[in-house]
Amino acid sequence: MSNVNDDMQKRVLQEVTEAAWRRRLTSDELARVRQHLAAHPEAGAEWESDLALTRALNRLPAAPVSSNFTALVLQAARKTPAPRGWWHQLDDWFPEGWRPRLALGTAMVCLSLLTIREYQTLQRQRMARELVGSLASNQPVDWLKNFETIKSFDRVQVADKELLEVLQ
Amino acid sequence: MAQTPDPDATLMLRAKDGDLRAFEELVEKYKQPIVNLMFRMLHDLAEAEDLAQTVFLKVYQSMGRYHVSAKFSTWIFTIARHVCLNEIRRRSRHPSESIEATLPDSEEATTRQYEDHKTFTPPEAFLQGELEQKIQEALDALPEKQRLAVVLCRQDELSYEEIAEVLELSLSATKSLIHRARETLKLRLKPYLQTGAWEEEATETLPLKRCL
C-alpha cells in the first residue's frame with residue numbers, strides 16, 4: 001500500500017517538477033512538494049539543484065532585438081510577391097477569364113464523351129439485333145440434323161483394328 | 001464544446017487576405033521569442049536577427065498554404081526550428097561563411113537600430129556576464145536537439161504538447177529529452193549553481209529552507 005502511495009507521490013512530484021521548469025508554482029503545488037520532501041528529505045538536494053537550474057535559465061536575458069526589426073521584415077515582405085494560394089497562382093499561366101472558359105470547356109467535353117458513349121451503346125444493340133435477325137431468317141437448320149452422330153465419333157474408346165489393317 | 005479560435009490564426013487569415021497590418025502584428029508579437037530562440041541556438045546576435053527575418057519571410061510566403069489546423073505558435077516555431085537546424089548544418093559544412101554573405105540585402109545588417117537595454121552596475125554586470133557566459137557555454141555543449149528542447153521549454157507560447165509537435169517527437173520523448181538536457185546542464189553548472197549566486201529575491205517560486 002505504501003509502495004502505491006510512494007509511486008503516486010513520485011508521479012505527482014514529477015508533474016510539479018515539470019511545471020516548475022516552465023512557470024511559478026501555485027500554492028497547492030508548493031504544498032504538495034513540501035509534503036513530499038517532508039516524507040523524503042533525501043530528495044531535497046535533487047529538488048534544490050533542479051530549482052537552481054531553472055532560476056539560472058530564467059535569469060538569462062532576452063536577446064536584444066533591433067527597434068526597426070519589424071520595419072525591415074515588412075520592407076522585405078513588400079519586395080516578395082504577394083502570397084496567394086496555388087489556385088490563384090494559375091492566373092499567371094493562363095489568359096484572363098480562363099476560369100469560365102475552363103468550366104464551359106469541361107462541361108462540353110463531358111457532354112461529348114457522354115454522347116459518344118450513348119451512341120456506341122445504341123450501335124452495339126442495333127448490330128446485335130441485326131445479327132440475331134439474320135441468323136433466324138437466312139440459315140437453314142438442316143446442317144444440325146446429324147450433329148449427335150458426328151459428336152459421338154469422339155466417344156469411340158477401342159480402336160477398330162480391322163479397319164486400321166485394311167487402311168494400312 | 002466550442003473551441004476558442006486562436007487569435008494568431010485569425011491574424012494570419014487576415015494577413016492571407018492581404019492585410020499587411022495583421023502580418024505586422026504577428027511580427028511584433030513573435031519577434032522576441034524567435035530572435036531569442038535563434039540567439040540561444042547560435043549565440044550570434046546578428047545572425048539570430050537575420051534568421052528570424054528569414055522565418056517571418058517564410059511565414060509571409062507560405063500564407064497561401066496556411067490552414068488553421070494547428071496553433072499558429074506551433075507552426076511558426078516549427079518553421080524556426082527548420083531554419084535554425086538548416087543554418088547549423090550549413091555552418092558545419094562551411095564554418096567560415098556568415099549567413100549575411102548568403103542574404104541578398106546584406107546592407108540591412110548595417111541599418112539595424114538597437115535600443116539601450118537593462119544596465120547593471122559594474123560588479124553586477126561582471127557577475128551577470130560571467131554566469132551568463134557559463135550557461136551559454138553549457139547550452140552550446142548540448143546536442144542540438146536537447147538544446148532546442150531546453151530553449152523551447154522556456155517559451156511561454158508553447159505547451160509541452162506543442163513543443164513535442166515542433167520537435168516532431170512524442171510527449172514522453174520530449175520530456176525525456178528536456179530531462180536529459182537539464183541533467184547535463186546541472187552537472188556542468190554544478191559549481192555555479194551551488195555558490196548561491198542564483199539566490200532569487202523573496203518573491204521566488206519556492207522558499208527552499210521552509211520546505212526542507
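A residue is called buried here if 20 or more other C-beta atoms lie within 10 Å of its own, exposed if 12 or fewer do, and partly exposed in between, with C-beta atoms placed from the backbone. By that rule, 30% of the 212 residues of chain B count as buried. For chain A, 11% of its 168 residues count as buried.

Some ground rules come next. This is a predicted model, in which local features need pLDDT of at least 70, side-chain atom pairs count only at pLDDT 80 or more, and totals for chains, interfaces and linings use all residues. Residues are numbered from 1 along each chain as its sequence is written, while chains are lettered from A and ligands numbered from 1 in the order in which they are written.

**Helices and confidence**

Helices (H or I, at least four residues) and strands (E, at least two) are DSSP runs, numbered from the N terminus. Chain A has 8 helices and 0 strands, and chain B has 11 helices and 0 strands. The predictor's confidence in each residue is its pLDDT, on a scale from 0 to 100. For the complex, the predictor gives an ipTM of 0.74 and a pTM of 0.66.

Chain A averages a pLDDT of 81, and 82% of its residues score at least 70. In chain B the mean pLDDT is 79, with 74% of the residues at 70 or more. Residues 104-110 of chain B have a pLDDT below 50, and beyond near neighbours in sequence this stretch has 5 contacts in the model. Two residues are in contact if their C-beta atoms, placed from the backbone, lie within 7 Å. In residues 197-212 of chain B, pLDDT also stays under 50, and the model has 25 contacts beyond four places in sequence for them. Where pLDDT is low, the predicted coordinates should not be read in detail.

**The core**

A nonpolar core is a set of buried Ala, Val, Leu, Ile, Met, Phe, Trp, Tyr and Cys residues joined through C-beta atoms within 7 Å. Which members of the largest nonpolar core touch the most other members? Of its 60 residues, they are M38(B), V55(B), A149(B) and L152(B). Helix α2 (residues 20-42) of chain B gives this core its largest share, 10 residues. Domain 1 (1-101) and domain 2 (121-197) of chain B each supply at least three residues to this core; the domain bounds come from an automatic or database domain assignment.

Not counting residues up to four places away in sequence, M38(B) touches A48(B), L51(B), A52(B) and C84(B). L85(B), in helix α4 (residues 72-93) of chain B, is 47 residues from M38(B) in sequence and 9.9 Å away in space, C-alpha to C-alpha. Across chain B, 65% of contacts between residues at least 6 apart in sequence join residues at least 24 apart.

| Residue | C-beta neighbours within 10 Å | Class |
|---|---|---|
| L85(B) | 14 | partly exposed |
| H43(B) | 15 | partly exposed |

Most residues other than glycine have a negative phi. H43(B), however, has a positive phi of about 55°, and E168(B) also has a positive phi of about 55°. H43(B) is in the loop between α2 and α3 (45-61) of chain B, whereas E168(B) is in the loop between α8 (160-167) and α9 (171-188) of chain B.
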